[in-house]
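Please look through the structure below with the following report at hand.

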Amino acid sequence: MNTTHRDTHGHVGHESAAGSAVALAQLLELDGEVLAPYFSELTGRLAEFADPSPARILDLGSGPGTGSFALARRFPAAHLTAVDISAQMLHRLSTQASAHGVADRISTVEANVDESWAALSGDGPYDLIWAAAFMHHVADPARTFARAFEQLHPGGLIAVTEMDFFPRYLPEDTGVGRPGLEARLHAATNTQPPHEWTDHLRDAGFTLEERRPFDIRLDATQAGPSLNAYAQASLAKLRSHAAEVLDADDLAALDVLLDEEQPHSVARRDDLSVRTTRTTWIARRP
């Protein structure tokens with residue numbers, strides 16, 4: 001999606017510039033690495049609702065494949081169709097699919113879901129449709145949900161996930177500037193109400209099975225070796241949205257934290273963690 005915005009509520013934002021696209025892809029890949037325990041829990045929950053196990057899965061707004069790979073691990077017999085508007089994202093996905101040994105089970109489709117779905121229909125109908133941090137980007141959510149309904153087998157599932165707020169990583173006192181920097185950064189950039197898809201799903205004909213919040217709390221050991229890079233990339237993205245809304249002293253402190261040469265740098269710290277929540281709606285086509 002080629003949209004530019006300042007708020008970071010529930011998503012990381014998509015920009016059109018090539019450099020921003022690369023940074024976003026890297027951030028999404030790190031998201032999959034660091035939050036692997038969460039993705040395992042979520043796909044495990046889907047497996048409880050899916051009977052039989054899905055054979056065909058559609059990943060809407062796949063990006064570089066964070067969700068596709070989690071689904072491929074959970075459902076080893078499934079074929080996945082990953083759809084994104086960005087050829088660059090899909091190229092990264094295909095490259096990683098080969099590295100993960102699942103290239104024969106994932107096909108890619110470059111398409112804008114706000115336009116024709118003809119290219120998406122070739123591998124359908126589907127048993128499961130996955131849309132993570134994506135539905136808020138579409139021009140007409142009601143139309144997109146209706147199209148998703150049409151692409152599912154009766155009894156098939158749709159899983160829609162939104163990030164309730166951007167992850168937090170830092171301790172209250174970072175040793176740089178005033179305590180509470182990250183809270184102020186979030187307050188300045190997180191300007192939109194939470195996304196809510198319950199009524200949209202029901203209006204499209206789905207039966208809601210579950211609206212489930214996932215409370216994600218990972219320490220450095222649980223998050224793994226990519227945590228510092230993940231926090232660095234995430235906070236750098238927030239910094240790009242904060243220039244006009246954060247006080248000068250907080251901006252200066254944030255710049256110190258993002259400077260990899262500084263002793264308090266996010267890239268060097270051993271006191272980071274991940275704290276966030278994500279909500280998933282699981283619904284079924286009757």
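In helix H2, the residues Phe39, Ser40, Thr43, Gly44, Leu46 and Ala47 meet Thr66, Ala70, Leu71 and Arg74 of helix H3, where contact means heavy atoms within 4.5 Å. Sorted by class, this contact of H2 with H3 has five nonpolar, four polar and one charged residues; Ala, Val, Leu, Ile, Met, Phe, Trp, Tyr, Cys and Pro count as nonpolar, Asp, Glu, Lys and Arg as charged, and the others, Gly among them, as polar. The model is a predicted one, in which local features need pLDDT of at least 70 and side-chain atom pairs count only at pLDDT 80 or more, while totals for chains, interfaces and linings use all residues. Residues are numbered from 1 along each chain as its sequence is written, and side-chain values use heavy atoms, with hydrogens and water left out.

The axes of H2 (residues 36–49) and H3 (residues 66–74) come within 10 Å and cross at roughly 55°, which makes H2 oblique to H3. Axes here are lines fitted to C-alpha atoms, for helices over the stretch in contact, and angles run from 0 to 180 degrees between N-to-C directions. Angles under 35 degrees count as roughly parallel, over 145 as roughly antiparallel, 65 to 115 as roughly perpendicular and the rest as oblique. The crossing of H2 and H3 is right-handed; a crossing is called right-handed if the near helix is turned clockwise from the far one by less than a right angle, and left-handed if anticlockwise.

| Helix pair | Axes come within | Crossing angle |
|---|---|---|
| H2 (residues 36–49) and H3 (residues 66–74) | 10 Å | roughly 55° |
| H6 (residues 181–189) and H10 (residues 248–258) | 11 Å | roughly 115° |

With that angle, H6 is roughly perpendicular to H10, and H6 passes H10 in a left-handed crossing. Leu181, Arg184 and Leu185 in H6 meet Asp250, Ala253, Leu254 and Leu257 in H10, a contact with five nonpolar, no polar and two charged residues.

Which residues does Leu157 contact, leaving aside its neighbours within four places in sequence? They are Leu46, Phe49, Ala50, Asp127, Leu128, Ile129, Leu152, Ile282, Ala283 and Arg284. Leu157 is found in strand S5 (residues 152–163) and is buried, with a relative accessible area of 2%; buried means under 20% relative accessible area, exposed over 50%, and partly exposed in between (1.4 Å probe, protein chains only). The C-alpha atoms of Leu157 and Trp130, 27 residues apart along the chain, are separated by 8.6 Å.

Tyr230, which lies in helix H9, is buried with a relative accessible area of 2%. Not counting residues up to four places away in sequence, Tyr230 touches Leu27, Leu30, Asp31, Val34, Leu35, Pro167, Tyr169, Val274 and Arg278. Ser226 has its place in the loop between helix H8 (220–223) and helix H9 (227–242), and Ser226 is buried as well, at a relative accessible area of 16%. Leaving aside neighbours within four places in sequence, the contacts of Ser226 are Leu30, Glu33 and Val34.

The structure holds five aromatic pairs. Rings of Phe, Tyr and Trp (its six-membered ring) pair if their centres lie within 6.5 Å, and planes under 30 degrees apart count as stacked, over 60 as edge-to-face and the rest as tilted. Phe149 and Phe206 form an edge-to-face pair, with 5.1 Å from centre to centre and 80° between the planes. This pair links distant parts of the chain, since Phe149 belongs to helix H5 (residues 141–151) and Phe206 to the loop between helix H7 (198–203) and strand S6 (207–218), 57 residues apart. Phe149 counts as buried at 18% relative accessibility, and Phe206 counts as buried at 4%. Ring pairs also link Tyr38, Phe39 and Phe214 into a cluster.

Most residues other than glycine have a negative phi, and most peptide bonds are trans. Asp51 and Pro52 are joined by a cis peptide bond with omega about 5°, and Pro52 lies in the loop between H2 and strand S1 (56–60). Ala133 has a positive phi of about 50° although it is not a glycine; Ala133 lies in the loop between strand S4 (126–132) and H5, and at 28% relative accessibility Ala133 counts as partly exposed.

Key:
Helix = DSSP H or I, 4+ residues; strand = E, 2+ residues; numbered from the N terminus.
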